[in-house]
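Good morning, and thank you for joining this group meeting. I would like to guide you through one structure, and I ask you to keep the display in view while I speak.

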Amino acid sequence: MIGLDLIQFLGGIFGGFLSSLVFVFFWEWLRKPSLRIEWLSNDETIVEVDDAKVRFYHMKVHNDGRSTAENCFLTIIFSDYASEPLVTLNPGKWDANPEPMSINPPLQKTPFFNPSFLHQIGKVSIRAHSSETFCFLLKYENDENCYGFNADNYREGKLKSRDRRFGIGDYMVKFNIDGDNINHYSIFLMKNNGTSLDDVSLEE
């Protein structure tokens with residue numbers, strides 16, 4: 001009887017410990033962040049650059065979870081339709097973060113690229129039930145090409161870059177987000193259909 005009582009006693013302890021452990025894991029899973037990436041198809045951010053109209057294409061990242069997605073680092077990977085990588089943009093530029101530019105008056109009157117800012121623009125924390133946006137692509141009016149966009153545009157001092165140029169055709173775009181407590185990615189089919197500012201579309 002003593003042996004049976006001991007087994008029952010230890011079984012109760014183990015069962016309680018296991019139940020507590022399962023509850024902790026379930027609670028942590030329940031309150032973790034949950035990200036969702038959406039193309040802002042109706043966003044028409046159009047500016048004039050050197051007398052040419054340029055449209056900037058944006059994505060929105062929603063946190064549908066119950067806690068903040070901490071220090072989300074953005075990487076953008078463009079691939080051909082066979083999923084062979086063509087261009088990797090790293091880091092991405094979150095809209096909420098400042099441009100990596102400085103100015104030192106009176107010696108310098110025009111802004112210049114400051115690489116020390118790169119660690120700031122590549123990360124953002126997304127609170128629960130909120131969202132953040134970023135630009136990943138731009139297109140000039142009457143240009144059949146579109147161009148990837150990230151922090152390197154500021155480094156190069158230009159919007160058009162041959163290294164991130166995409167002609168008419170279909171491409172795959174992977175948006176990868178790595179945070180302190182979240183890892184998420186979404187893949188979209190990108191179609192560049194012509195020379196109009198509206199000729200780029202995305203499908204998940």
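Let me begin with a term: two residues are in contact when heavy atoms of theirs lie within 4.5 Å. Please also keep in mind that this is a predicted model.

With that term in hand, consider phenylalanine 188, found in strand β14, which covers residues 183-192. Which residues does phenylalanine 188 contact, once its neighbours within four places in sequence are left aside? They are Ile37, Met59, Tyr171, Met172, Val173, Phe175, Leu202, Glu203 and Glu204. Is phenylalanine 188 buried or exposed? Its relative accessible area is 3%, so phenylalanine 188 counts as buried, the cut-off being under 20%.

I turn now to strand β3, residues 52-63. Why do we call β3 largely enclosed by the rest of the structure? Because nine of its twelve residues are buried.

Several strands pair with β3. Strand β1, residues 35-39, pairs with β3 in the antiparallel sense over five bridges, and here tryptophan 39 stands opposite methionine 59. Strand β2, residues 45-49, also runs antiparallel to β3 and is joined to it by five bridges; in this pair, valine 49 faces alanine 52 of β3. Finally, β3 and β10 are antiparallel partners over ten bridges. Within that pairing, histidine 58 has cysteine 135 of β10 as its bridge partner.

How many disulfides does the structure hold? The number is zero.

Strand β10 itself covers residues 130-140, and serine 130 is part of it. The relative accessible area of serine 130 is 19%, and therefore it counts as buried, since the cut-off is under 20%. The side chain of serine 130 reaches the backbone oxygen of arginine 127 at 2.6 Å. Beyond its neighbours within four places in sequence, serine 130 is in contact with Val61, His62 and Asn63.

Next, some remarks on backbone geometry. Most residues other than glycine have a negative phi, and most peptide bonds are trans. Against that background, let us look at the hairpin of β2 and β3, which has two residues between its strands. There, aspartate 50 takes a positive phi near 55°. Aspartate 51, in the loop between β2 and β3, likewise has a positive phi, near 65°. With 78% relative accessibility, aspartate 51 is exposed.

A further positive phi, near 65°, belongs to asparagine 142, which is located in the loop between β10 and β11. Asparagine 142 is exposed, at 65% relative accessibility.

Where do we find a cis peptide bond? One joins asparagine 90 and proline 91, with omega at about 5°. Proline 91 sits in the loop between β5 and β6.

I close with the confidence of the prediction. The protein averages a pLDDT of 82, and 72% of the residues score at least 70. Over residues 21-27, however, the pLDDT is below 50, and this stretch has zero contacts in the model beyond near neighbours in sequence. Thank you for your attention.

Methods:
Residues numbered from 1 in each chain as written. Predicted model: local features only at pLDDT ≥ 70, side-chain atom pairs only at ≥ 80, totals over all residues. Heavy atoms only, no water. Helix = DSSP H or I, 4+ residues; strand = E, 2+ residues; numbered from the N terminus. Buried < 20%, exposed > 50% of the residue type's maximum accessible area, 1.4 Å probe, protein only. Disulfide = S-S within 2.5 Å. pLDDT = per-residue confidence, 0-100. Polar contact = N/O pair within 3.5 Å; in protein donor to acceptor, adjacent residues only side chain to side chain. Pairing = 2+ DSSP bridges.
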